[in-house]
Amino acid sequence: MKLGTKYGGEIIIDHSHIIQFPAGIPGFEEEKEFVLMDMSHVGNVAFQALQSIHTPSLAFIVIDPYMLTSAYEFTLDDATIERMAIKHIEDVIVRVIVTVKSPFEQSSLNLKAPIVINTREKQGKQCIIETSEYATKTPLASFVSSEAKGGS
């Protein structure tokens, strides 16, 4: 299937890569089908695009939060696990939306509302975490170590 994308132009995808979001994504409830695309074509392997199948101009930049910290934790409620048909934890991936700013160092992560994807069943959901531990605008720079910034 040919797909117009925000960050990759027109690409060909296999129907088996389409992820269903039955409830949409908050603010975009009418958008129910997405594909997760890598961004290696723009020289970046850390970030991905969660691209709408039906709206070429709609794509969210996302990242695996565990690439940044192993301390990120949350629990899905039983209803979400059942609705998403999650049977094995190894079938689940988590991504968080990145709000890209200029300069890039001012970009932020939405750790309060991760995107959970059951890769086996191709089901996705943006979950709202009921804790004050995480914010919707966590500075991306807070995950960059002083060594990566050139410090010691």
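**Figure 1. Confidence along the predicted chain.** In this predicted model, the protein chain has an average pLDDT of 91, and 91% of the residues reach a score of at least 70. Residues 146-152 have a pLDDT below 50, and this stretch makes four contacts in the model beyond near neighbours in sequence. Where pLDDT is low, predicted coordinates should not be read in detail.

**Figure 2. The salt bridge between D91 and R120.** The side chains of D91 and R120 form a salt bridge with an N to O distance of 2.9 Å. D91 belongs to the loop between α1 and β7, and R120 to the loop between β9 (115-118) and β10 (123-126), so the pair ties together parts 29 residues apart in sequence. D91 is buried, at 9% relative accessibility, whereas R120 is exposed, with a relative accessible area of 57%. By the rule applied here, the model contains three salt bridges; the other two are the subject of Figures 3 and 4.

**Figure 3. The salt bridge between D64 and R95.** D64 and R95 are joined by a salt bridge in which the closest N and O atoms lie 3.8 Å apart. This pair links distant parts of the chain, for D64 is in the loop between β6 (59-63) and α1, R95 is in strand β7, and 31 residues separate them. R95 counts as buried because its relative accessible area of 11% falls under the 20% limit.

**Figure 4. The salt bridge between K2 and E10.** A salt bridge connects the side chains of K2 and E10, with 3.9 Å from N to O. The distance falls within the 4 Å cut-off of the salt-bridge criterion. Both partners are exposed: K2 has a relative accessible area of 59%, and E10 has one of 57%.

**Figure 5. The hairpin of β9 and β10.** Strands β9 and β10 pair in the antiparallel sense, over four bridges. N118 stands opposite Q123 in β10. Four residues lie between the strands of this hairpin, where K122 adopts a positive phi near 60°. K122 is a residue other than glycine and is located in the loop between β9 and β10. Most residues other than glycine have a negative phi. K122 is partly exposed, with a relative accessible area of 27%, because this value lies between the 20% and 50% limits.

**Figure 6. The surroundings of A85.** A85 is located in the loop between α1 (78-83) and β7 (92-99). Its phi is near 55°, a positive value in a residue other than glycine. With residues up to four places away in sequence left out, A85 touches N118 and E121. The C-alpha atoms of A85 and N118 are separated by 7.6 Å, although the two residues are 33 residues apart along the chain. A85 is partly exposed, having a relative accessible area of 27%.

Figure 7. The peptide bond from S102 to P103 is cis, with omega near 5°. P103 lies in the loop between β7 and β8 (108-109). Most peptide bonds are trans.

Note on methods
Residues are numbered from 1 along each chain as its sequence is written. This is a predicted model: local features need pLDDT of at least 70, side-chain atom pairs count only at pLDDT 80 or more; totals for chains, interfaces and linings use all residues. Side-chain values use heavy atoms; hydrogens and water are left out. Helices (H or I, at least four residues) and strands (E, at least two) are DSSP runs, numbered from the N terminus. Buried means under 20% relative accessible area, exposed over 50%, partly exposed in between (1.4 Å probe, protein chains only). Contact means heavy atoms within 4.5 Å. Two strands pair if DSSP finds at least two bridges between them. pLDDT is the predictor's confidence in each residue, from 0 to 100.
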